[in-house]
Structures are given as C-alpha cells and as structure tokens.
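This report concerns aromatic contacts and strand pairing in one protein model. Please keep the sequence and the structure at hand while reading.

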Amino acid sequence: MLRHLIAHLHQLLHTSSTTSPTSPSSSFILHPSSLHNHPRWSFLDIDDNSVDDCCGLVMAAGKSGNLRMVEPLKHPSTKKPRRDQSRGKSSGRSSMTEVMEQQIWKDFPEDLIEAVIARLPIATFFRFRSVCWRWNSLLNSPSFSQHCAQVQHANPWFYIVTQERANSGAMYDPSIKKWYHPAVSALPSKLILFPVASAGGLVCFLEIGQRNFFVCNPLTQSFKELPARSVKVWSPVAVGMTANGNLTGAGYKILWVTCDGEYEVYDSMRKSWSRPGNMPVGIKLPLALNFKSQSISIDSTIYFMHSDPEGIVSYDMATGVWKQYIIPAPLHLTDHTLAECDGRIMLVGLLTKNAATCVCIWELQKMTLLWKEVDRMPNEWCLDLYGKHIKMTCLGNKGLLMLSLRSKHMNRLVTYNIASREWLKVPGCVAPRGRKRQSIACGTAFHPCLTAVA
C-alpha cells in the first residue's frame, strides 16, 4: 500500500510539473490586485508592506469553495547554464508554478489549519485573511479562539497617543520594529481619549473629562462604550484592568479609584459597575496617588503607587481586599513608575544627581520590602542625557518597557526587556504620508489578541 501511495505521489508531481501556464488550474490563483476589489474581504487599515510572510504558501479558492495550496508565483526564469539545467532535469522539478492537488489537501484537518494560523505573526495574519471567506471568518470561530489562547506572543505591542494627533493612536510592534497608524473608526472622533490600562488583548480608554470609559481591541476594532458610572466623580482617577483567565470569552474587570478613596469595579460579564465595599481604616486618606505612574496587574491584583507615605496600595479583584505597603523610594529619583515582569514588581525612574541623569531599574524585594537596583541604561546613552532637563514617560509594563525621553532638543524612544536586560532604540513615530516625527503623550502595552472582544 505504501509503495502504491509513493508511486501515486510521484505521478501527481510529474503531472503538475508538466502543466502549462495557461492551464485551467492556474486560473484559481488569487492575485493581490484582485483582492481589494472583492466585496467579501475585509482588512485592518494598517500598512504591513514591510512584513515578510512566514509561510511560503498561498491559499486559492476553487469553484467548489474548497481550498487548494499553490506555491508563490515565480518570476520568469532566465537562461541557465547547462550545469544548472542538468540539475533541474535530475531532480524532476520545473520552474513553473507547482499546484498541490486538491484531492490530497482537501481533507487536511481543519483544527491543524487553525492551529498553524493562530501562530502566525499578527501582521501576517491580516494579510492571510484576504485569501478566502473561511479564513476571514476565523475571528468569530470559538475553536480558533481556543488556539489563540494557547499562543503567547513573545513581546507585547504598544498603543500610544501622540501630542500632534490626540484623537488617533499608533501601534508599535517590537518584534519587527514597525509602527502602524490604524484608523479605528469605532472610537468617537469628537472626544479626546487616552489609553490608561490593558488586559487580555483589550485597551481601556478614558475620556479627557474623566467621565466616560471605552474598551477596544485595536487590531480588530471591536469597540464598546461602558455604561455610566453610578458614582459621579470629577477629580482625577487611577485605572487598573485585569482579565478573568486566559480565554478571551472569560471577560474582564476595570477598577477606578480617586485620592478620596472613592472607587468602583466594572465587570464585563455583568455589564455593570459596582462598589464592593469601603477602604479599610488602616489606609491613609486622602491617597497621594502618583497619576504619572501606571498601574500594574499580577493575576487578579492591581497595584498603584502613592507618595505620602511612599509605597504601594493594592486591590484584589477576586477578594475585594485593599492593602498598603510602606516602601521608601530611592534617593534622587524622578518620573518613576511601576512595572511588572513574571510576577515581580519593578520600579523604573530617572536618577538625577547634579548634571548627570540615568534611567535605572529596581526590583522590589519581598522579604525586606525594599527596592534593589538591578540594571541601568548603558553609560554611553547616559552621556547623551548629561546636562539636559529630561522628562521620562514609561509606556509599558508587561515585561517589555518603552521609555520616552524628552528634552527641549531631544525626543528619544527606547525599549527595555526586563528578562534579558536588553536596551534597544526605537525608530521614530513618523506620521502617515511622510509628515514630521511625532512626540508621544501617553500610551500602554497590550498583548495582541485576534479574538478578544470588548
């Protein structure tokens, strides 16, 4: 039986290699120019021309609706030396496009196809969505959601808002060092929104007037405006967000808290705000929250930084318990913010003494509740900051940090990988159509998820 199968495969390959370019089978190959004119394909409005496909196959739809695999179209071959021609004859291969027979590949298990697609780079996936309606509908597939939940991308993405374009954002993919400028049409154009937290592939936005919350998946444009809060607060609020497990359908929770101790929790499964209880008497009010420092989340607990007394206040979404930790900050520290990596609480800040300035990283020691310095920016980079009045913004906290270092004549972006202790420079965020480089106002890190629904 095995010999017959091998002989049959050789015969199929020989037949396909001798097929002429004008044969009917070649008419099913989808050309890029025809995809945009077809009504049933949709695209995310991002420019990913510089992204190389990690898969060397193109899927083509036949008349019956089934899928067939073909190799990428090759350029017309030039005349080869006789030695190369003899090699081609000996291998039995042709320079023409080889069509993989539909009868063989039509029974390829669907779950394996979804498992492979779920592991593609995000930008490549959106290019593959244009192949056929089946692939385009994967975003609504429960089985595909389960495959995506099993895949953890190595690095988070960053969603930022620039000072020049307050009503639109930009996304940065650190794996390929590329900026995207998506047109998220669902976000209200008349409101100024700032990304304040993220969880489960979703980004939480807060309106500049501190009144309305919005949740959005920047990749798929899944968007939702949260209901009005039951407690009307006009003072600044700090926001945290957690996901209810790894599955995208498990929902999320959002917490806002003010310096006066007012707080509420939004549960996406209940679709409502609630106030589980009151802050314990041991927590000093009013809270001197550091609103420049973003919140971090470890499992179901959210941590906020406060300055009087210096330390951290936390809230457990699962148990509803508040805690306060008195932790003195390092000396000569400015623009500091919390970060997180593999369950560890980190601190990032500018260490300034006289005219010298350097970015330093500390880790919280669980036994002593003290900050221990673990790394700092390379010396040659610190020399570039010497004598300058530097302002720093930390844009991410999911193990990979993006730092915006600004002065009167400098605007620099760098990333820092907490696990590998690697510092890298980030290309400037240039506005579409070649306009000027933009400076970053605020942002957050989020783990890209294709199936997360607001």
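The text below takes up the aromatic rings and then the strands.

The model is predicted: local features need pLDDT of at least 70, side-chain atom pairs count only at pLDDT 80 or more, and totals for chains, interfaces and linings use all residues. Residues are numbered from 1 along each chain as its sequence is written, and side-chain values use heavy atoms, with hydrogens and water left out.

**Aromatic contacts**

A pair of aromatic rings is described by the distance of the centres and the angle of the planes. Rings of Phe, Tyr and Trp (its six-membered ring) pair if their centres lie within 6.5 Å; planes under 30 degrees apart count as stacked, over 60 as edge-to-face and the rest as tilted. Searching the whole structure gives twelve aromatic pairs. One of them joins tyrosine 172 and tryptophan 179, and it is tilted because the ring centres are 4.9 Å apart with the planes at 45°. Tyrosine 172 is buried, its relative accessible area being 2%; buried means under 20% relative accessible area, exposed over 50% and partly exposed in between (1.4 Å probe, protein chains only). Tryptophan 179 is buried as well, at 11%.

A tilted pair is also formed by tyrosine 263 and tyrosine 315, with 5.7 Å from centre to centre and 55° between the planes. This pair links distant parts of the chain, since tyrosine 263 belongs to strand S12 (residues 263-267) and tyrosine 315 to strand S16 (residues 310-316), 52 residues apart. Strands (E, at least two residues) are DSSP runs, numbered from the N terminus. Tyrosine 263 and tyrosine 315 are both buried.

Phe213, Tyr252, Tyr266 and Trp273 make up one aromatic cluster. Elsewhere, arginine 229 lies over the face of tryptophan 256, 5.0 Å from the ring centre; the criterion is NZ of Lys or CZ of Arg within 6 Å of the ring centre and within 35 degrees of the ring normal.

**Strand pairing**

Two strands pair if DSSP finds at least two bridges between them.

| Strands | Bridges |
|---|---|
| S6 (residues 193-199) and S7 | six |
| S7 and S8 (residues 213-217) | four |
| S14 and S15 (residues 301-307) | three |
| S18 and S19 (residues 344-353) | seven |

Strand S7 (residues 202-207) is mostly covered, with six of its six residues buried. In a regular strand the side chains alternate between the two faces of the sheet. On S7, Leu202, Cys204 and Leu206 are buried on one side, and Val203, Phe205 and Glu207 on the other. Leucine 193 has glutamate 207 in S7 as its bridge partner, while leucine 206 is bridged to phenylalanine 213 in S8. The hairpin of S6 and S7 has two residues between the strands, and glycine 200 takes a positive phi near 60° there. Between S7 and S8 the hairpin has five residues, with glutamine 210 in the turn at a positive phi of about 65°.

S14, S15, S16 and S17 form an open, antiparallel sheet in the order S14-S15-S16-S17. Strand S14 (296-298) and strand S17 (322-326) are its edges, each pairing on one side only. Isoleucine 298 stands opposite threonine 301 in S15.

Strand S18 (residues 333-341) is largely enclosed by the rest of the structure, because seven of its nine residues are buried. Cysteine 341 has arginine 344 in S19 as its bridge partner. With two residues between the strands, the hairpin of S18 and S19 holds aspartate 342 at a positive phi near 55°.
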